[in-house]
Amino acid sequence: MAALPPHIGLNFTSTIHKDINPSTDPTKSDLSQPSKVVLITGAGRGIGRSIALQYAAANVATVIICARTASELDEVEQAIHGINSSVQVRKLPLDVSNDAAVAAAATKVRSEQGRLDVLVNNAGASDDWAPISEGDVKAYWNTWTVNFKGTYLMLHGFLPLLVDTAEAKKTLVDVVNITSIGAHVIIPGASAYQTSKFAVLRLTEFVQAEYGGRGVNCVAVHPGGVLTEMSARIEAIRPSLTDTPDLCAGFVVWFTKGQRSWLCGRYLSSAWDVDELVAKRDEIVQGEKLKMRMVV
Ligand SMILES: NC(=O)c1ccc[n+]([C@@H]2O[C@H](COP(=O)([O-])OP(=O)(O)OC[C@H]3O[C@@H](n4cnc5c(N)ncnc54)[C@H](OP(=O)(O)O)[C@@H]3O)[C@@H](O)[C@H]2O)c1
């Protein structure tokens, strides 16, 4: 693969992590978030599974784990209880691209929990890469349907409960849309995946514009390069899959601990050092950094 261009911010902080680290590890820093209800899509394996486990370590009240494969949710439930038996686990078998199923899930979570403090839109797909005219049309739209429509439907269904929670508890609630560093580059063959993740960045800015003033703090997060069922299928990116799934999990838990509305609407990489990121607050806010803009 060609060298990555500087605008993707690979080295936005001088320290780059490949794994969870003391500032993002709930067993080493005070990242405890008791009473929160957290919902994670794509939580049956890979990065979403790690996010669920790190929230258990952060001692949240309830983790709602969603995916289509029920047996994987059973395994994650057991793993959560192995870490923290006091965390309530709710398994929600769900296809994020199904309008009716997502609407029903939102109704269920409202009636059973009455609140939602954190939504992590992590479910994703990357079908086989191919140049535009050579790929399969259905596969192209499957990637877009899971990555973009799925994220949109979850926002459509759950933003009302998120806003109500922010207002009732007089707090910020958080939405993390898992995107990709691929949103910033153009790798021939990867247009379905990379345009869908690019669109997720702009959707994140729309959440900020429409709901930021109502207590919803929404960011888009690149999870690092992680060897998972999805990424293992893409031969071209194999050499860059050197991060652990806990890298992103710790980063997300750190982010939602902090009421960090100054990051709202922005792209963040899990590999960045969070203490350096905080030190760059004025540079980021005053410079309108970490948003998608044309250079003119
Ligand atoms: N791995 C990387 O290096 C990397 C890099 C950049 C970004 N990402 C992003 O990270 C996220 C997690 O990916 P991963 O690498 O951890 O992949 P993974 O291990 O294959 O996990 C994907 C998860 O998404 C779920 N999912 C897929 N389609 C779904 C649907 N229609 N409805 C509900 N859940 C669905 C899967 O469960 P079911 O199949 O059971 O539904 C699974 O739990 C994705 O958004 C991906 O694009 C990954």
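Reader: Which residues are linked in a network of salt bridges?
Author: R202, E205, R266, E288, K291 and R293 are. A salt bridge here is a side-chain nitrogen of Lys or Arg within 4 Å of a carboxyl oxygen of Asp or Glu. Keep in mind that this is a predicted model, where local features need pLDDT of at least 70, side-chain atom pairs count only at pLDDT 80 or more, and totals for chains, interfaces and linings use all residues. Residues are numbered from 1 along each chain as its sequence is written, and side-chain values use heavy atoms, with hydrogens and water left out.

Reader: How many salt bridges are there in the whole structure?
Author: The search finds 20.

Reader: OK, what does K18 pair with?
Author: D243, with 2.9 Å from N to O. Helices (H or I, at least four residues) and strands (E, at least two) are DSSP runs, numbered from the N terminus.

Reader: And is D243 buried or exposed?
Author: Buried, at 12% relative accessibility. K18 is partly exposed at 43%. The cut-offs are under 20% relative accessible area for buried, over 50% for exposed and partly exposed in between, using a 1.4 Å probe and protein chains only.

Reader: What about D99, what's its partner?
Author: K149, again in a salt bridge, at 2.9 Å from N to O. D99 is in helix 3 (residues 99-113) and K149 in helix 4 (residues 137-169), 50 residues apart. D99 is partly exposed at 44% relative accessibility, and K149 is partly exposed at 30%.

Reader: Which residues lie nearest its centre?
Author: H7, A183, H184, F198 and M292, out of 29 lining residues, where lining means having an atom within 4 Å of a point.

Reader: Which helix gives the most to that lining?
Author: Helix 5 (residues 191-211), with five residues.

Definitions and conventions: On a 1 Å grid over the protein atoms alone, a cavity is a set of points where a 1.4 Å probe fits but cannot get out, and a pocket is an open set with protein on both sides within 12 Å along at least five of seven lines; lining residues have an atom within 4 Å of a point.
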